[in-house]
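Work through the exercises below with the model open. Try each task before reading its solution.

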Amino acid sequence: MATAPEPKINSQEDLEGWLDDKPVEWAQAIAARAALRVFPLVLPVAFREGGENLILQSFRASFISWAARKYPAHDMITPAFASATPAVAAATPAVAAATAAFASANAAFASADVNAVASATATAADAAAKAAAFADASDASANIWRAISEDCRWLLDSKNASLIDQQLWFIDVRENDKYAANLPPWARKPLDHFVNSDRISTSSRRVVGGWYRAIIANMRKTPRSLFGERVDIEIASLPDEFWAVSEDRTAFKILDDIVGIAEQIPPAQPPSSDGEAPSPTPERNNRDTESDFLPDHPDAMVDHLGRSEIAFQLAGRINQIWDSQNGEPASKHGLRYYLSRLWTGMEAKNWDATLDTGFVVHIDARWGGGKTNFAAYVTRILNPWRDANMPKWLSKLALPEDEDWMERYRRPWLVVNFNAWKHQHVDPPWWVFSETIRRQCMKSLWKETNQRTTGAFPDPLPAYDYGVGPAHLLRNISLWLAERVWRMQIGSALLPLGVAALTFAAVYAMYRIGWVTEKEDKLIFFGDLSAFTLAALASLFGGVASIRGVIDYLAKNLFSGTPAAAQQFELGSADPLERFRVHFARTIEAFGRPVVVVVDDLDRCDHEYVVGLVRGMQTVMVSPRVVYLLLGDRDWIEKAFAETHKPMAAIDVGPEHSFGGRFVEKAIQMSFALPEMDEKRRAGFTEAILRKPERKDKSQKTADEALPPGNAGLEFDREISEKIDRILRQRNFRDREEAAKSFVEEVRGSDLPAETKAAFETDFVTRLARRGATDRSAETETSHMLVGLAPMLPGNPRQIKRIINTVTVMQQVARTRDEEFWPDADDIKWQKLARWVVVMIEWPQSWYTLTLNPGIMEWMPTQAGKTPETPEDETLSAYAALISAKESVKKLLLMTAPADGWAAEPITPADIVWLAGVMPATSGSLLPLPSKEQKKETKD
């Protein structure tokens, strides 16, 4: 008996021919799967106006065609849907994917009669063709037809099984085996963007993205239903009226209703064969416990690690830094405001000879340590008005409260995200960096609006509020025109324009002196020369070149944005970059709002690009109105500078400091290492990833939800509540902290229930930390508290400032991790933290070595007389000898001769473990131990 030939499907005609004598169910399943493969291409339209409607209808069509094959015994499709295929206006990938979904849904209407089979076959082939049509230009079409061929082959080999229940792609299309989900890159990218976007509602991501992820499965698991059979059938059977979009019921609201339907219908639990109580259905059980594949993109909507409180501390400090560099906001009234903001370069303006640079904050953590997510928390706090969806963690921070977030900090920062790794192929680095800053800021000024217009959330300060109406439009047009006018004044770019002007002036001069005359309505050139000959000579000697120069001038300067344009700006002045430097500062000021630039993935770039970009922040993109958040491994950045300046590496840069580290110290004003996760948060984070929480009654609340921001959720009498408010309203940092510490001790000694005391202290200390983050007197008081350490501080003013900045921030971070910690000069833990910060900044190798080896402190001089018994003891003893030889470090660690007010308390191994949780050693190098030869020479 001859075997059936292998199906090879490469076109719509091939598929129609192959399906000609096959069951109608096969055609329907192939059509549904073809449409599902390109479904992610619909998702990008969610970010366009009205795009959510197309997503909703595409989701409905895809869901119905999938459910019709998964549950064929149920009649779930209404005939009205057959005529609901919308008209589309543009042949985009999104529309192609949507029409494929509609075609597959139409194929699901066919019954088993002869005429219907032919109709279903043609419709299925049409759906497959539409699914493949988008890929003709991307070389993906062959993979799609190959996947359809594999579907056909599988149907021949497994005639009694359900194709819709199999993996969506039988062939491996990942192109990178690090991904578990078998998706081609062109489908993975829009899906991940949709699922991880803060601009998409949670319900939309859960329904659309969650359902699709469940049915595609991964390379090791089979597809499953996200909702379970009963909910699937209910959703697929919903009438047209349910899916109708109106002004009062948007597409996103409809998806919210679908979530409600899923929560209301319990999972089906059929009785077991042995008469025991039924067990949960596999679908629902898997949904609660199974982890498919998890994208590693940051998700700023959730905070499993409790880092939003730390981000609040850094955001408060950034606002204080910006205030110190810029002073009071300008009024939005009067001629001077408009002249300063709408500067065009046509008139002179009084600018300082020396421009202040932006402030650079370095966020350090191990690779994969959450730097990007943390930066997203910071930017959301700096501008909580720009995103429609407010995360729960952000609402808990109580930004509307003056005690927690001062009114002066209610300004919507312009947020710029720059991925250095993606742009490192563009040279020079500063050019694409500055263009990204300008374009993203302009985009925000044009499109960003206040999303917190309802409820109790306050509006931004009037000096920084979102513009509306004609004034807003005029301001943005003026900014655009100012940029074009400036570009047209480039020295080197003016050369072709000057040549063109001289050429036309020469022609006009010839006319005026009589070389060109008019006789009998005809122009006579030089008497005997014809017009054609003269035109040819003019073209040859400058006419064409002049016209070309004008066109080239306009193209490069009105529509610039390439590295070639950067070369234009580097020419034509004594200091090639001075003109650009001043222009950048003027442009940032004209935006009228603070700017925060997040530079990510710097630790993936080569050394020349790293140095060029960081140098550009300090020498080209200079403006005190910009704060740069630099995300990257510090070791990588230091080594990049060391490699770039290798010829000068022999220069002595001082003890314990690397050659590259000295460059970084000047480029980075504040370095912030993300604290490590404690065991409790690590366990919670792991659980949140590995399984979804069980459903709970909506009337019940978790401990966090039951305790609102502030003390409103605690049942105290009126006198205690008023005392809490009075303490938090105190303006002086030291007075407030002393009153708070006394009050906490008072509550601890009261007869309140233990649970109430614990809840009070956690909430009160958290609010104190928030209050300290925005208190401008905190830095001044902290510097006063450090006076006792003055003899042990370095003589470098820059280093002293870095120490004050670091202690000011880290003391608030420490109290969020330890309720026994108080930022008080008399508090032993605070004193040890301050000493530890000095060691970290001034003696980085000793600090790094101690952090990784806390046991070294057991071998310091206070433990003299011990004999090493193991190789580990010998190593710790050797490190202790090296550190003890550094008198300044030894004094800070042992405090054998304390200053007035400082306790003679050595830092112990247990202290170092605690301090490492607050300031982890994410970057650094160990002290070099002497070799055996060196040890022998020392003995001799």
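**Exercise 1: the nonpolar surface patch**

Task: find which helix gives the most to the nonpolar patch, then classify Trp-480 as buried, partly exposed or exposed.

Solution. 
- Helix α19, residues 469-487, gives the most to the patch, with 4 residues. The model is a predicted one.
- The patch covers about 480 Å² and is made by Trp-446, Leu-473, Ile-477, Trp-480 and Leu-481.
- Trp-480 sits in helix α19.
- Its relative accessibility is 42%, so Trp-480 is partly exposed. The cut-offs are under 20% for buried and over 50% for exposed.

**Exercise 2: the cores**

Task: identify the residues with the most contacts inside the largest nonpolar core, and list what Leu-893 touches.

Solution. 
- The largest nonpolar core holds 89 residues, and Ile-381 and Leu-893 have the most contacts inside it.
- Helix α34 (residues 828-842) supplies the largest share of this core, 9 residues.
- Set aside neighbours within four places in sequence. Leu-893 then contacts Arg-835, Trp-836, Val-839, Leu-850, Met-857, Met-860, Ile-883, Glu-905, Pro-906 and Ile-907.

**Exercise 3: the whole chain**

Task: state how many helices and strands the protein has, and what share of its residues is buried.

Solution. 
- The secondary structure comes to 39 helices and 7 strands.
- Of the 940 residues, 50% are buried.
- Take the contacts with a separation of 6 or more: 76% of them join residues 24 or more positions apart.
- The accessible surface is about 45200 Å², and carbon and sulfur atoms account for 54% of that surface.

Conventions. Residues are numbered from 1 along each chain as its sequence is written. This is a predicted model: local features need pLDDT of at least 70, side-chain atom pairs count only at pLDDT 80 or more; totals for chains, interfaces and linings use all residues. Side-chain values use heavy atoms; hydrogens and water are left out. Helices (H or I, at least four residues) and strands (E, at least two) are DSSP runs, numbered from the N terminus. Buried means under 20% relative accessible area, exposed over 50%, partly exposed in between (1.4 Å probe, protein chains only). Contact means heavy atoms within 4.5 Å. Accessible areas come from the Shrake-Rupley method with a 1.4 Å probe; for residues, only the protein chains shown count as cover. Patches are made of residues with over 30% relative accessible area and no salt bridge: like charges are joined within 9 Å, nonpolar side chains (Val, Leu, Ile, Met, Phe, Trp, Tyr) within 5 Å. A salt bridge is a side-chain nitrogen of Lys or Arg within 4 Å of a carboxyl oxygen of Asp or Glu. A nonpolar core is a set of buried Ala, Val, Leu, Ile, Met, Phe, Trp, Tyr and Cys residues joined through side-chain atoms within 4.5 Å.
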